[in-house]
Amino acid sequence: MSGAPPGGVPLYMRLAEQIIQDAQRLGGDASGLRRIPAERVLAASMGVNRQTLRRALEHLRARGLMHTDRSGTYTYTGHSAPARPVAGRRSPPLFPAGGTFPGLAVRSRARLSYESVPPPVEALLGLSPERPTLVHRHGLTLLCGETVQEAVSYFSPTALAHVPRLGRRVRRVRGRAAQSEPDLRHLYLWMAESGLRPVRRDRVRVDRAGCKRMWLAVRQFVHDQFDRPLEVTDLRIDPRRGELDYTFVRPS
């Protein structure tokens with residue numbers, strides 16, 4: 001790629017946009033994912049060093065456009081690049097909905113388990129006392145190890161009964177150790193495919209942890225078109241590092 005970035009746009013950001021554009025042009029599988037080549041191969045094909053490429057990949061992960069698991073690294077081809085939205089098409093939001101961290105390289109970690117939930121959450125989800133359910137924990141950290149976002153999501157009996165992909169995950173983790181790095185990014189698409197229309201409302205507050213650190217705390221409630229609870233997520237974001245953006249869409 002060329003040397004001096006035009007208009008002050010960093011090279012890694014231009015590289016990230018090029019990766020997404022190439023993935024969209026080539027297309028993905030039925031779930032909208034396209035596997036990208038190994039770092040060494042991709043860096044050579046794009047004419048950049050691996051350090052610059054890694055920074056571009058971390059930038060895409062922070063925006064929810066890339067995921068790495070044991071089978072490889074994938075881009076989500078159904079999600080438009082920010083500068084070039086696809087006319088007439090709106091992709092479902094990715095899960096978990098969280099903050100953005102402009103200019104920061106972050107690492108993602110996640111864990112899925114089947115366990116009991118706090119009593120206040122039981123009431124919100126319609127769970128009987130001490131009845132376990134699917135619990136998803138997700139965090140973002142800087143490369144130095146500092147945590148900038150934490151999210152814990154709890155699923156209702158309605159969600160587990162009506163969304164087959166969630167039901168299969170319950171069978172995988174029930175009575176077993178938690179599953180590391182589960183991929184639930186397309187949760188809201190799965191709900192829509194199952195005939196549910198997820199609607200989210202948020203309650204935001206400031207949460208002080210000790211004397212020095214302050215978090216932006218958000219409780220997200222997701223229900224369907226019949227007002228049945230589907231999911232509750234407790235999200236915390238470091239407001240010194242990231243931003244929380246909301247997009248409101250008028251129902252069709």
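Q: How should I read the relative accessible area of E58: is this residue buried or exposed?
A: Buried means under 20% relative accessible area, exposed means over 50%, and partly exposed is in between, using a 1.4 Å probe and protein chains only. E58 has a relative accessible area of 11%, so E58 is buried. This is a predicted model, in which local features need pLDDT of at least 70 and side-chain atom pairs count only at pLDDT 80 or more, while totals for chains, interfaces and linings use all residues. Residues are numbered from 1 along each chain as its sequence is written, and side-chain values use heavy atoms, with hydrogens and water left out.

Q: With which residue does the side chain of E58 meet in a salt bridge?
A: Side chains of opposite charge can pair when their charged atoms come close. A salt bridge here is a side-chain nitrogen of Lys or Arg within 4 Å of a carboxyl oxygen of Asp or Glu. E58 meets R107 in this way, at 3.9 Å from N to O. The pair links distant parts of the chain, 49 residues apart: E58 is in helix α3 (residues 50-62) and R107 in strand β4 (residues 106-115). Helices (H or I, at least four residues) and strands (E, at least two) are DSSP runs, numbered from the N terminus. R107 has 44% relative accessibility, so R107 counts as partly exposed.

Q: How many salt bridges does the count come to?
A: The count is 12. One of them joins E115 and R137, with the closest N and O atoms 2.9 Å apart. E115 lies in strand β4 and R137 in strand β5 (residues 133-142), so this pair ties together parts that are 22 residues apart in sequence. Another is formed by R236 and E150, at 3.1 Å from N to O. R236 is in strand β10 (residues 229-237) and E150 in strand β6 (residues 147-155), 86 residues apart. Salt bridges also link E146, D238, R240 and R241 in a network.

Q: Which residues touch the most other members of the largest nonpolar core?
A: A nonpolar core is a set of buried Ala, Val, Leu, Ile, Met, Phe, Trp, Tyr and Cys residues joined through side-chain atoms within 4.5 Å. In this core of 18 residues they are L134, F155, L166, L184, L187 and M191. Helices α5 (157-162), α6 (164-173) and α7 (187-193) each supply at least two residues, and α7 gives the most, with four. Apart from this core lies another, of 16 residues, including V48, A56, L60 and M66.

Q: What does L166 touch, not counting residues up to four places away in sequence?
A: Contact means heavy atoms within 4.5 Å. By that rule L166 touches L134, F155, A159, L160, L184 and L187. L166 lies in helix α6 and has 0% relative accessibility, so L166 counts as buried. From C-alpha to C-alpha, L166 and L134 are 8.3 Å apart in space, and they are 32 residues apart in sequence.

Q: Which residues are buried in helix α2?
A: In this helix (residues 39-46) they are L42, A43 and M46. Seen down the axis of α2, the buried residues fall within an arc of 100 degrees (the arc of the directions from the helix axis to the C-beta atoms), so they line one face of the helix. R40, A44 and S45, on the other side, are exposed. Just after α2, G47 takes a positive phi of about 70 degrees.
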